[in-house]
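Dear colleague,

I am passing on the structure we spoke about, together with a short account of what was found in it. Please have the coordinates open beside this message as you read.

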Amino acid sequence: MTTGAQTPRSPARPPRSRLRTFLPLGVAAWLVLEIWLLVLVAGASSGFVVFLLLVAGVVLGSVVIKAAGRRAFRNLTETLNQQQSGTPPEAARPNSEGNGLMMLGGLLLILPGLLSDALGLLMLLPPVQKAVSRYAQRTVERKLGAAGPGTLGDAFRQARMHRPDGKVVQGEVVRDDPDDTPQDPRPPLTR
């Protein structure tokens with residue numbers, strides 16, 4: 001039944017980003033390529049060899065993630081001990097960076113597939129870690145620089161700008177009420 005009134009149109013949806021458009025296609029292509037490579041290796045050797053490769057990837061990835069986690073925890077403990085003792089932190093320890101990228105490499109090793117294993121092994125190489133780290137740092141700085149006011153990037157930039165050392169300033173809030181009437185203290189909270 002119509003009343004003669006036009007139905008309101010839904011507002012136009014914004015166009016999809018490239019990432020939302022091509023990510024499902026990329027994941028599907030990745031899966032097809034991984035399965036094809038596994039079938040190719042199984043045809044050249046045997047299914048048992050493929051099984052051993054997958055198990056070796058899981059074991060090696062677990063070892064890498066465990067080692068990177070222990071190293072990160074050890075670095076955190078050393079940093080906290082230095083801060084508590086009042087000694088200035090060291091400029092840069094030789095093995096203090098790259099834990100996240102090592103964990104990513106371990107995760108790629110754990111994922112079943114030969115291509116992900118190859119990428120995981122590449123992520124374990126220090127020159128590759130440095131290149132990926134520099135690229136990620138430049139990308140984050142560029143995105144934060146392009147962020148408009150009121151966004152997370154703007155808040156992060158302001159926090160870094162106003163509190164670079166992260167110290168908390170002790171103080172109290174003083175309000176100047178225009179009527180200057182004394183207020184009764186609040187009664188205690190009871191159940």
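On the helix 1 side the contact is formed by Leu-38, Val-41 and Ala-42, which meet Gly-47, Val-50, Leu-53 and Leu-54 of helix 2. Sorted by class, this contact between helix 1 and helix 2 comprises six nonpolar residues, one polar residue and no charged ones.

Please bear in mind that this is a predicted model, with a mean pLDDT of 80 over the chain and 67% of its residues at 70 or more. Among the elements of the chain, helix 4 has the highest mean pLDDT (93), whereas helix 6 (residues 152-162) has the lowest (56).

Helix 4 (residues 114-123) also takes part in the other pair, where its axis and that of helix 3 (residues 99-110) come within 7 Å and cross at roughly 160°, which makes the two helices roughly antiparallel. The crossing of helix 3 past helix 4 is left-handed. Here Leu-101, Leu-104, Gly-105, Leu-108 and Leu-109 of helix 3 are in contact with Ser-116, Asp-117, Leu-119, Gly-120, Leu-121 and Met-123 of helix 4, and by class the contact of helix 3 with helix 4 holds seven nonpolar, three polar and one charged residues.

With best regards

Terms used:
Residues numbered from 1 in each chain as written. Predicted model: local features only at pLDDT ≥ 70, side-chain atom pairs only at ≥ 80, totals over all residues. Heavy atoms only, no water. Axes fitted to C-alpha atoms, helices over the stretch in contact; angles between N-to-C directions. Helix = DSSP H or I, 4+ residues; strand = E, 2+ residues; numbered from the N terminus. Parallel < 35°, antiparallel > 145°, perpendicular 65-115°, else oblique. Left-handed = near helix turned anticlockwise from the far one by under 90°. Contact = heavy atoms within 4.5 Å. Nonpolar A, V, L, I, M, F, W, Y, C, P; charged D, E, K, R; others polar. pLDDT = per-residue confidence, 0-100.
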